[in-house]
Amino acid sequence: MTGRSALRTGVLALLWGSAFLWIELALTGFSPAQVAVVRCALGAGVLLVLARRARQRLPRGLWPHLVVAALFCNAVPFLLFGIGQQSVDSGVAGVLNATTPLWSLLIGLLLGSERGTTPTRVLGLVLGFGGVLLIFAPWRGGVPGWGVLALAAAAASYAVAFAHMGRTLVGHGAPLAVSAAQLAAATGLGALALPFDRAPATPNATAVVAVVVLGVFATGVTFVLNYRVIEEEGATSAATVGYLLPVVSVALGALVLGEPLTPRVVLGVLVVLAGVAMTRTVPGGRPPGRRPPHRLSGVPTSVTRRAADLG
């Protein structure tokens with residue numbers, strides 16, 4: 001992993017991890033469905049502006065794939081995170097989201113798209129999941145069941161989306177336009193749930209600022225970074241960013257929201273990070289989950305290189 005890729009992955013983890021804080025604050029004035037729709041709409045607006053400045057146009061024939069990606073990467077998980085965080089702390093939400101790489105690796109193995117699987121990587125995934133369990137401490141009880149299930153389902157939905165995006169959307173040469181179209185589709189899909197949402201909006205200054213930051217930075221900017229990581233490192237490697245989310249979500253939850261930060265939680269975060277390092281260790285020095293250049297997403301090397309150089 002190059003220094004440039006590591007920096008991009010770190011910024012992505014920071015922005016993505018802070019999303020749980022912004023969701024928690026946005027829920028003080030909006031319902032989960034309202035937060036999800038506004039988040040997608042603002043993110044789409046940011047990316048549309050960036051795509052227009054970069055003179056990128058959406059390649060033809062992508063809309064069916066974009067709708068599937070929008071459903072599993074945006075509409076469904078964004079709604080589920082809002083529902084889950086109504087009863088679960090933001091730090092715990094980030095921890096549960098860290099199970100995404102486990103699902104992503106499993107999907108990759110089932111589809112035959114995963115490369116470089118070794119005992120060390122598998123052990124790293126197990127160790128990382130053990131760190132998640134240490135932070136979550138299910139044996140202590142007290143965590144609402146439905147909220148946990150909603151958050152776990154959101155993490156699994158991300159894994160499905162990463163696998164689909166890695167196969168169908170990467171390497172088309174217009175990442176900003178593709179991301180903008182995907183979020184626009186997610187806005188439409190999310191809006192379908194609004195007529196069934198009977199919770200009235202009671203906006204306050206904190207909620208409004210939170211949902212704006214969530215949409216602009218933790219969604220719009222994050223999508224640009226996410227596509228770059230998927231393009232250069234592979235879908236599974238992009239999903240391993242989820243392992244870094246407990247660091248950000250737990251820290252922000254403790255500092256901003258006063259959520260408990262115990263030695264057990266700190267130790268669990270360190271164990272998760274150790275697991276992440278192990279999942280990225282493969283023979284030959286090539287990052288896991290990254291196909292040889294001429295086979296990346298079924299697109300010629302010249303096209304994938306141009307896509308990686310954009311933005």
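Reader: I'm new here. In what order do the elements of the chain run, from the N terminus on?

Author: They go α-α-α-α-α-α-α-α-α-α-α-α-α. Keep in mind that this is a predicted model. Counted up, the secondary structure comes to 13 helices and zero strands.

Reader: What share of the residues of the chain count as buried?

Author: Of the 311 residues, 54% do. The accessible surface of the chain is about 13500 Å², and 69% of that belongs to carbon and sulfur atoms.

Reader: And how do I read the contacts in the chain?

Author: Look at how far apart the partners sit in sequence. If you take contacts between residues at least 6 apart, 90% of them join residues at least 24 apart.

Reader: Let's zoom in on one residue. Where is threonine 219 found, and why does it count as buried or exposed?

Author: Threonine 219 is found in helix H9, which covers residues 205–233. The cut-off for buried is under 20% relative accessible area. Threonine 219 has 1% relative accessibility, so it counts as buried.

Reader: Which side chain makes a polar contact with the side chain of threonine 219?

Author: That's arginine 39, at 2.7 Å. Leaving aside neighbours within four places in sequence, threonine 219 is in contact with Arg39, Gly43, Phe78, Leu183 and Leu214.

Reader: How should I read a helix by its sides?

Author: An α-helix has 3.6 residues a turn, so residues three or four places apart point the same way. Now take helix H11, residues 245–257. Its buried residues are Leu245, Pro246, Val248, Ser249, Val250, Gly253 and Ala254.

Reader: What follows H11?

Author: Glycine 258 does, and its phi is positive, near 70°.

Reader: Which residues form the nonpolar patch on the surface?

Author: The patch is made of Val247, Leu261, Val266, Leu267, Leu270 and Leu273. Together they have about 490 Å² of accessible area.

Reader: Which helix gives the most to the nonpolar patch?

Author: Helix H12, residues 263–279, with four residues. Leucine 267 is found in this helix, H12.

Reader: Why does leucine 267 count as partly exposed?

Author: Partly exposed is the class between buried, under 20%, and exposed, over 50%. Leucine 267 has 47% relative accessibility, so it counts as partly exposed.

How values were computed: Residues are numbered from 1 along each chain as its sequence is written. This is a predicted model: local features need pLDDT of at least 70, side-chain atom pairs count only at pLDDT 80 or more; totals for chains, interfaces and linings use all residues. Side-chain values use heavy atoms; hydrogens and water are left out. Patches are made of residues with over 30% relative accessible area and no salt bridge: like charges are joined within 9 Å, nonpolar side chains (Val, Leu, Ile, Met, Phe, Trp, Tyr) within 5 Å. Accessible areas come from the Shrake-Rupley method with a 1.4 Å probe; for residues, only the protein chains shown count as cover. A salt bridge is a side-chain nitrogen of Lys or Arg within 4 Å of a carboxyl oxygen of Asp or Glu. Helices (H or I, at least four residues) and strands (E, at least two) are DSSP runs, numbered from the N terminus. Buried means under 20% relative accessible area, exposed over 50%, partly exposed in between (1.4 Å probe, protein chains only). A polar contact is a pair of N or O atoms within 3.5 Å; within protein, one must be able to donate a hydrogen and the other to accept it, and residues adjacent in sequence count only if both atoms are side-chain atoms. Contact means heavy atoms within 4.5 Å.
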